[in-house]
Amino acid sequence: MIVEATNLRKSYGRTEVLGGVDLAVREGEVVALLGPNGAGKTTIVRILTTLTRPDAGRATIAGYDVVREPTKVRGVISLTGQYAAVDDNQTGRENLVLVGRLMHLGRQAARQRAGELLDRFGLNNAMNHRVKTYSGGMRRRLDLAMSLIGDPQVIFLDEPTTGLDPASRLTMWEAIAELVRDGTTILLTTQYLEEADRLADRIVLLDKGRITAAGTADALKAQIGGQRIELYFAEQTDAIKAVDVLGGVADGTLVNLPSDGTAAHLHAVLDELRSQGLQPVRVSSHRPTLDDVFLTLTA
Amino acid sequence: MTHDGFAAAVSDAATMIDRSVRLTRRNADTLFVSILLPLLMMALFVYVFGGAIETGTQYINYLVPGILLLTTGYGASNTAMAVADDMTSGMIDRLRSLPIRSFAVLAGHVTASVARNSVATAIVVLASLAMGFRPSAGLVEWLAAIGLLLLYVLALSWLAAGLGVIAKSVESASTLSFFMLFMPYLSSAFVQPETMPRWLRPISEHQPITPVIETVRSFLTGSPMGNSGWIALAWCGGLLIASFTLATVLFRRRARR
Ligand SMILES: Nc1ncnc2c1ncn2[C@@H]1O[C@H](COP(=O)(O)OP(=O)(O)OP(=O)(O)O)[C@@H](O)[C@H]1O
Ligand SMILES: [Mg+2]
């Protein structure tokens, strides 16, 4: 296991942010930490990248302990944080060369590597412009490029596409997919199920500082039944009443429940609702998505 | 690709100095203002207030050493803001996730700070000569004055770096460094402490800036030095050691939350 964490705990004051997290990533594996705002994703990433000390628990990267051997760990990882870590008043090229120099590539090699990465991330035209003139997508790509300078063994990506428009997100996904094809080990965090499904071999669901489920996208989907029924109500209060009667989860005026996909089950559901005086406006049925996993397992 | 040893530390520091100097050049208007303000103060005191202040000499000859320290105050305040900017932006996480000495980050800022201050001080000296400053110093006295000022600027820059590390934002770094700008007014920079109210005099006489000013003034204009030279050295040395330790320890701690 190239990343191995056991029982990580972290509190800020009285607030517990991580309540005992275990995590293991195999070499070459892409793992997505999926969780809502405040779940503790960034905290996990910061602990594994030596930026924050855990209160308890232990973590190693490539065998090096993140607390006792931070410099060794920093030599084999790279971090692309939630907020782009770039110098606004340097050009894209200068930013890349700076990191190359700090990785002790040597002046010539640093420049050459910077050139390659500018090419690969489509930043050639803007390489001599100051980063403050870059769009959000370009900043993110530069940020990722800066992380790749030292050929890291493990790459940490904290919400790599949050705040990007759909086109920039797609470009970013392609860049990450290329890393995946190269066999790089990646731990990424995201709030987007589609992103996790698309990029990761394995998904770890995190909620309120605890891991609530883990597995491949397919395995997670299997965990919640073969089909889902969605019932749309006119009023939110009706949706809440329907959950009281049927189970499942409510999201606004929408109720989402597991099903075996048979007509008989759908009939039973509708009869039950009618007996309570509830009438859905619309009904649909679909194969489970990661959204359903999420709603069900972290509700 | 090795990250251990002295050579690696020097290379990291050199890279970070390079960065800080480049960022300074890109932020030239801040530098410009921090030179312009002391120049304006000098003009104000020489041409407006100076006539009413009795110092026993040509007022500008009395004034210039104080203006030099005022200049370093503005410079230090810029340094605090530059460090705070790094600490509060994502950049610090990038730098800290690289296998470099944390010392290198602050060393870059401090070195750039000393360079900025040297340029600013040189410009202020030239301007003062144009405005009628007539120092009596020979080469040795000039070198001694420059040496002391450099030591003072180095100590002040580490102090500023420390303030930048503690500050929660660039604005609060600027507020925290306000006292560095204010201290010269409570020193012997503009008026002789004997002319101040009785309660203020001890503050003025025993704060670090006064002996530094007195020493520089003595070197440049031949006014009596007394024991202020040693006191100035002690203050600067002590401030340097304390600020350096504080800044590097706080940097590591702040960054490890
Ligand atoms: N330095 C800190 N001091 C106090 N509380 C903190 C600190 N850092 C994080 N927290 C708290 O810890 C919790 C988890 O934060 P974390 O940033 O790990 O969540 P996240 O999953 O990354 O969320 P997001 O999707 O919003 O980025 C939050 O409630 C946050 O307020
Ligand atoms: Mg986060």
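Val3(A) is placed in strand E1 of chain A. The model described here is predicted. Is Val3(A) buried or exposed? With a relative accessible area of 0%, Val3(A) is buried, because buried means under 20%.

Ala59(A) stands 56 residues from Val3(A) in sequence, yet their C-alpha atoms are 7.5 Å apart in space.

## Chain A as a whole

Chain A has 299 residues, of which 50% count as buried. Its secondary structure consists of 11 helices and 14 strands. Taken along the principal axes, the C-alpha atoms fill a box of roughly 75 × 45 × 35 Å.

Among contacts with a separation of 6 or more, 67% are between residues 24 or more positions apart.

## The magnesium ion

Two residues of chain A supply the protein donors of the magnesium ion (ligand 2): Thr42(A) through OG1 and Gln82(A) through OE1. These donors lie 1.8 to 2.1 Å from the ion. The two residues come from distant parts of the chain, 40 residues apart. Thr42(A) belongs to helix H1 (residues 41–48), while Gln82(A) is in the loop between strand E6 (77–80) and helix H3 (92–102).

## Salt bridges within chain A

Side chains of opposite charge can pair when their charged atoms come close. Over all chains, the structure holds 21 salt bridges. In one of them, Arg210(A) meets Glu16(A) at 3.3 Å, N to O. This pair links strand E10 (residues 210–215), which holds Arg210(A), to strand E2 (residues 15–25), which holds Glu16(A), across 194 residues. Arg210(A) is partly exposed at 41% relative accessible area, and Glu16(A) is partly exposed at 39%.

A further salt bridge joins Glu29(A) and Arg202(A), with an N to O distance of 2.7 Å. Glu29(A) lies in the loop between E2 and strand E3 (30–34), and Arg202(A) lies in strand E9 (residues 202–207), so this pair ties together parts that are 173 residues apart in sequence. Glu29(A) is buried, with a relative accessible area of 3%.

## The interface with chain B

How many residues of chain A are in contact with chain B? There are 36, and they touch 25 residues of chain B. The area buried between the two chains is about 2,800 Å², and carbon and sulfur atoms give 53% of this area. On the side of chain A, Arg74(A), Leu102(A) and His104(A) lose the most area to chain B, together 25% of what that side buries.

Polar contacts across this interface are found in 11 residue pairs. The elements giving two or more residues to the side of chain A are strand E1 (3–12), helix H2 (70–76), E6, H3 and helix H5 (136–148). H3(A) provides the largest share, six residues. By class, this side has 15 nonpolar, 12 polar and nine charged residues.

## Salt bridges between the chains

Five salt bridges are counted between chain A and chain B. One of them pairs Asp143(A) with Arg94(B), whose closest N and O atoms are 2.7 Å apart. Both Asp143(A) and Arg94(B) are buried. Salt bridges with shared partners also join Glu94(A), Asp18(B), Arg22(B) and Arg26(B) into one network.

Technical notes. Residues numbered from 1 in each chain as written. Chains lettered and ligands numbered in written order. Predicted model: local features only at pLDDT ≥ 70, side-chain atom pairs only at ≥ 80, totals over all residues. Heavy atoms only, no water. Donors = N, O, S within 2.8 Å, 3.2 Å for Na, K, Ca; no water. Helix = DSSP H or I, 4+ residues; strand = E, 2+ residues; numbered from the N terminus. Contact = heavy atoms within 4.5 Å. Buried area = accessible area lost by both parts, 1.4 Å probe. Salt bridge = Lys/Arg side-chain N within 4 Å of Asp/Glu carboxyl O. Polar contact = N/O pair within 3.5 Å; in protein donor to acceptor, adjacent residues only side chain to side chain. Nonpolar A, V, L, I, M, F, W, Y, C, P; charged D, E, K, R; others polar. Buried < 20%, exposed > 50% of the residue type's maximum accessible area, 1.4 Å probe, protein only.
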